[in-house]
Amino acid sequence: MNNHPPLDSWRFDAVTAGPEKIWGQEAIAKAIGKSVASVRRYAAMPDVPIYRPGGHYFALRSELNAWLRTK
């Protein structure tokens, strides 16, 4: 049985809290609860805020959270 309260916008922010700058595929995957392969796939989409400056994956937590809210 799940003892967690429903995921509302306030709880979402608490669950996804952490450093604003997220570097690397693994860290981004962990932050959004997806696989590294998903991060690569998402980074190729123009509307997803995952960037590759100099070939290194980078994201801002606030942008990722805003994007996830639209899904």
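Trainee: What do the buried residues of α3 pack against?

Mentor: The buried residues of α3 pack against α2, β2 and α4, where contact means heavy atoms within 4.5 Å. Keep in mind that this is a predicted model: local features need pLDDT of at least 70 and side-chain atom pairs count only at pLDDT 80 or more, while totals for chains, interfaces and linings use all residues. Residues are numbered from 1 along each chain as its sequence is written, and side-chain values use heavy atoms, with hydrogens and water left out.

Trainee: Which residues of α3 are called buried?

Mentor: Ser38, Val39, Tyr42 and Ala43 of α3 are buried, as "buried" takes under 20% relative accessible area (exposed is over 50%, partly exposed in between; 1.4 Å probe, protein chains only).

Trainee: And why say that the buried residues of α3 line one face of the helix?

Mentor: Look down the α3 axis: these residues fall within an arc of 135°, so they line one face. The arc is taken from the directions running from the helix axis to the C-beta atoms.

Trainee: What puts the buried residues of α2 on the same side?

Mentor: In α2, Gln25, Ile28, Ala29, Ala31 and Ile32 are buried. Their arc around the axis is only 160°, which puts them on the same side of α2. On the other side of α2, Glu26 and Lys30 are exposed. The buried residues of α2 pack against β1, α3, β2, β3 and α4.

Trainee: What makes β1 and β2 edge strands?

Mentor: The open sheet has three strands in the order β1-β3-β2, with antiparallel pairing. Both β1 (21-23) and β2 (50-51) pair on one side only, and these are the edge strands. Helix α4 (residues 61-69) lies across β1, β2 and β3, at about 75° to β3.

Key:
Two strands pair if DSSP finds at least two bridges between them. Helices (H or I, at least four residues) and strands (E, at least two) are DSSP runs, numbered from the N terminus. Axes are lines fitted to C-alpha atoms, for helices over the stretch in contact, and angles run from 0 to 180 degrees between N-to-C directions.
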